[in-house]
Amino acid sequence: MLDERKRKILQAIIDDYISTAEPVGSRTIARKYDLGISPATVRNEMADLELLGYLEQPHTSSGRIPSVKGYRFYVDCLLAPPQISDRDIAIIDNWYHTKARRIEEVFQETVKIMSRMTSNVSMVLAPQVSQCTFKYIQFLPLDERRSIVVIVTDTGLLENKIIAIPEGLNHEDLGRVANAINSRLGGLAIDRITTPVLKDIQNDILPDPQVYERAITLLKQVLTVEKNEKVYLGGTTQMLNQPEFRDVDKIKGLLTMLEEDRLLCDILHMSNSDGVIVTIGQENKYTGIHDCSVVQATYRIDGQVVGTVAVLGPTRMEYGKTMSVLKFMQRHLGEILKQYKVL
């Protein structure tokens, strides 16, 4: 554990480095921060912090910068994230109200909001439809032999596709299918709507065995939803403005990684934690983001974890502001999504 003086000096160094992106010297700390000690004392304490692994000296004649260990101590022990302001909350609410009309747009606007507020890359892992609860199915006539099938879940997510109506069925038959499905399967997890479950309601749908088999084939088709998780990404241009990413080779590798949805899904691992998780530098699993930090939090709908919000940026990111934004999104995104159930 660090004594109080070392804590104050470490916090001052990290705050200054986050603000300026320049290595911090003892004179800077003594001049800018009223710690009541001389530059020589600050210098000695900085040397001790470096020996303890909290600071690094990138060049012999330069000041110090925080190490991963230093950032970790800062986040865990020194930082008190500010509450998001009422003004920012009003801006966010107005943003959703004026720009989001559909579920898809809620996620698109969420990454825009978070990247604007944190000046970094933002990501949202959306709920998987297969993990959601079935609400209702509807068949909308397109023409004599085709229909648009719409599936709505408890989270408001919609799946829709155009299907050919099998021989032996008509739109009236599909209406009976929808009514039976909705009355018997409402509230059931979509990935539990299996063939045995459908057979259980055979008599409610269509008693004729031949027509029933065609109906079962159709229902399997429309209830087979996309199993892959979907990541919404925003703010890559914000990231390009960070001094750490002016190195073309470094940014090329990072941008390439951000195009890999499977990697992003792996980074945005879902947990049941109610807190904000901060992964710093080499704590990250992938070498492509060893110069970055990831701050993430899960969000819930009706108490169930359904997705993740996250911000990725340099290890020099403004952790306090980022954590406060994610805490707000963690509390409110689920409620925002619930407002769009009927859309």
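Gln-138 of the predicted model stands opposite Val-150 in β5, where pairing of two strands requires that DSSP find at least two bridges between them. Strand β4 (residues 134-143) and β5 run antiparallel and are joined by eight bridges, and a hairpin of two residues connects β4 to β5. Strands here are DSSP runs of E with at least two residues and helices are runs of H or I with at least four residues, both numbered from the N terminus.

In this predicted model, local features need pLDDT of at least 70 and side-chain atom pairs count only at pLDDT 80 or more, whereas totals for chains, interfaces and linings use all residues. Residues are numbered from 1 along each chain as its sequence is written, and side-chain values use heavy atoms, with hydrogens and water left out.

**Overall composition**

- The protein contains 14 helices and 10 strands, and 48% of its 343 residues are buried, where buried means under 20% relative accessible area, exposed means over 50% and partly exposed lies in between, for a 1.4 Å probe and protein chains only.
- Of the contacts in the protein with a separation of 6 or more, 60% are between residues 24 or more positions apart, a contact being defined by heavy atoms within 4.5 Å.
- The accessible surface of the protein comes to about 17000 Å², and carbon and sulfur atoms account for 47% of that surface; such areas come from the Shrake-Rupley method with a 1.4 Å probe, and for residues only the protein chains shown count as cover.

- Strand β5 (residues 146-153) is largely enclosed by the rest of the structure, because six of its eight residues are buried.
- An open sheet is formed by five strands in the order β7-β3-β10-β9-β8, with antiparallel pairing; its edge strands, β7 (231-234) and β8 (277-280), each pair on one side only.
- From one strand to the next, the twist of this sheet averages 20 degrees, with axes taken as lines fitted to C-alpha atoms (for helices over the stretch in contact) and angles running from 0 to 180 degrees between N-to-C directions.
- Strand β9 (residues 292-301) and strand β10 (residues 304-314) run antiparallel and are joined by 10 bridges, with Leu-312 in β10 as the bridge partner of Val-294.
- Helix α6 packs on the sheet, where it touches β3, β7, β9 and β10, and the direction of α6 makes about 150 degrees with that of β3.

**Packing of α1 against α3**

- Helix α1 and helix α3 (residues 39-51) pack with their axes 10 Å apart and at an angle of about 85 degrees, which means that α1 is roughly perpendicular to α3, a term that covers angles of 65 to 115 degrees.
- On the α1 side this contact is made by Arg-5, Lys-6, Ile-9, Leu-10 and Ile-13, and on the α3 side by Thr-41, Val-42, Glu-45, Met-46, Asp-48 and Leu-49.
- Lys-6, which is found in helix α1, is buried with a relative accessible area of 12% and, leaving aside neighbours within four places in sequence, is in contact with Glu-45, Asp-48, Leu-49 and Leu-52.
- The side chains of Lys-6 and Glu-45 are joined by a polar contact of 2.8 Å; a polar contact is a pair of N or O atoms within 3.5 Å in which, within protein, one must be able to donate a hydrogen and the other to accept it, and residues adjacent in sequence count only if both atoms are side-chain atoms.
- Lys-6 and Asp-48 are 42 residues apart along the chain, and their C-alpha atoms are separated by 8.7 Å.

**Loop residues**

- Gln-242, in the loop between α11 (236-240) and α12 (248-258), is buried at a relative accessible area of 13%, and its side chain makes a polar contact of 3.3 Å with that of Asn-120.
- Not counting residues up to four places away in sequence, Gln-242 touches Ser-119, Asn-120, Pro-314 and Arg-316.
- Ser-119 lies in the loop between α6 (103-118) and β3 (121-125), is partly exposed with a relative accessible area of 32%, and has a positive phi near 60 degrees although it is a residue other than glycine.
- Ala-21, in the loop between α1 (4-20) and α2 (26-32), likewise has a positive phi, near 65 degrees.
- Gly-63 is placed in the loop between β1 (55-56) and β2 (65-66) and counts as buried at 14% relative accessibility.
- The C-alpha atoms of Gly-63 and Val-24 are separated by 4.6 Å, although these residues are 39 residues apart along the chain.

Key. Parallel < 35°, antiparallel > 145°, perpendicular 65-115°, else oblique.
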